Amino acid sequence: MIRKSFKTIIVLVAINISSCSVVGELWYERIDQYIANELLEYASFTENQKEFIRASTEDFKSWNTETELPKYKRLLFQFKALDNETDINDIDDIYQSGKELSTSSRDFFLPYLIELCTTLSNNQIKEIEIHLNVLSEEKKTSLKKETKDYQEILGKSFVRFFRLLGVKLNAKQKNIIHLYISNIEDSRYQLINNKEEWDQDLIRILALKNNNNFKNLLIAHINSLNSEDKNTRVTINNITAEIIASFDKKQSKRFQKRLGRFIKTIDEILETKS
């Protein structure tokens, strides 16, 4: 029953905010509701539990606005400063900073999650297990229906990512993507299987909610969650660095403008909360 990890570099850059500042502010204003609604899907919670979940996500929004949004802003400025001398180290630095922000969000929720889990009934734990199984089966079904090969999907994802940043890739830049991803193995089924094993262990730990060591067991298990293939991440960072370094003047201008919009949206959110 773990809240989905905050995405790092891609969602971090976009910060789930539209290029339209008004839409971005409206989205952020409801971030606590979105997170609470996601959590509430896992089981039939009591009214007290629902109230606790909503209060915890409200606390998260307040904390995130005061403490984390300025960090997102600084990271966006770092991303915006990338130019034709960009290399893999620059992207790695941004990615690691993004992971730290993601970890901070996870760590914020841990005390709330532990407290909530100690109140779960056996029936609610079973409901959580069922919900996790449903999510996993949905992922498998989606993969089985996929008719395009993995490399093609990755390639199109990169094209969409850069379009999000205001940049339309040229043929040479698309070739950079294809060259890098041609040897990437499709590990999606393995990642799903790994997550299923993690889910099963989570259910076993939740059943120990009255155990004196429950808190330590749950924290250790949550911290062990990793849904990313390291080799794929290195490839993604290499592609990102090489393409940004290859921007022409028009692409660079549009890139700067789009990142500026994201930063402006954060500024407007912070202004309304000050």
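Predicted model: local features only at pLDDT ≥ 70, side-chain atom pairs only at ≥ 80, totals over all residues.
1. The protein chain holds 12 helices and 0 strands, and its pattern along the sequence reads α-α-α-α-α-α-α-α-α-α-α-α. Of the 274 residues in the chain, 41% are buried, while the chain exposes about 15300 Å², of which carbon and sulfur atoms supply 49%.

2. Helix α4 (residues 47-80) packs with helix α12 (residues 249-273) at an angle of about 165°, their axes being 10 Å apart. Because angles over 145 degrees count as roughly antiparallel, α4 and α12 are described as roughly antiparallel to each other, and α4 passes α12 in a left-handed crossing. Residues that make the contact include Leu69, Tyr72, Leu76 and Phe77 of α4, together with Phe255, Leu259, Phe262, Ile266 and Leu270 of α12. Taken as a group, the residues of the contact of α4 with α12 divide into 13 nonpolar, 3 polar and 4 charged.

3. Is leucine 169 buried or exposed? Its relative accessibility is 6%, and because buried means under 20%, leucine 169 counts as buried.

4. Leaving aside neighbours within four places in sequence, leucine 169 is in contact with Phe158, Val159, Phe162, Lys174, Ile177, Ile243 and Gln251. Glutamine 251 stands 82 residues from leucine 169 in sequence, yet the two are 8.3 Å apart in space, C-alpha to C-alpha.

Methods: Residues numbered from 1 in each chain as written. Heavy atoms only, no water. Helix = DSSP H or I, 4+ residues; strand = E, 2+ residues; numbered from the N terminus. Buried < 20%, exposed > 50% of the residue type's maximum accessible area, 1.4 Å probe, protein only. Areas by Shrake-Rupley, 256 points an atom, 1.4 Å probe, with all protein chains shown as cover. Contact = heavy atoms within 4.5 Å. Axes fitted to C-alpha atoms, helices over the stretch in contact; angles between N-to-C directions. Parallel < 35°, antiparallel > 145°, perpendicular 65-115°, else oblique. Left-handed = near helix turned anticlockwise from the far one by under 90°. Nonpolar A, V, L, I, M, F, W, Y, C, P; charged D, E, K, R; others polar.
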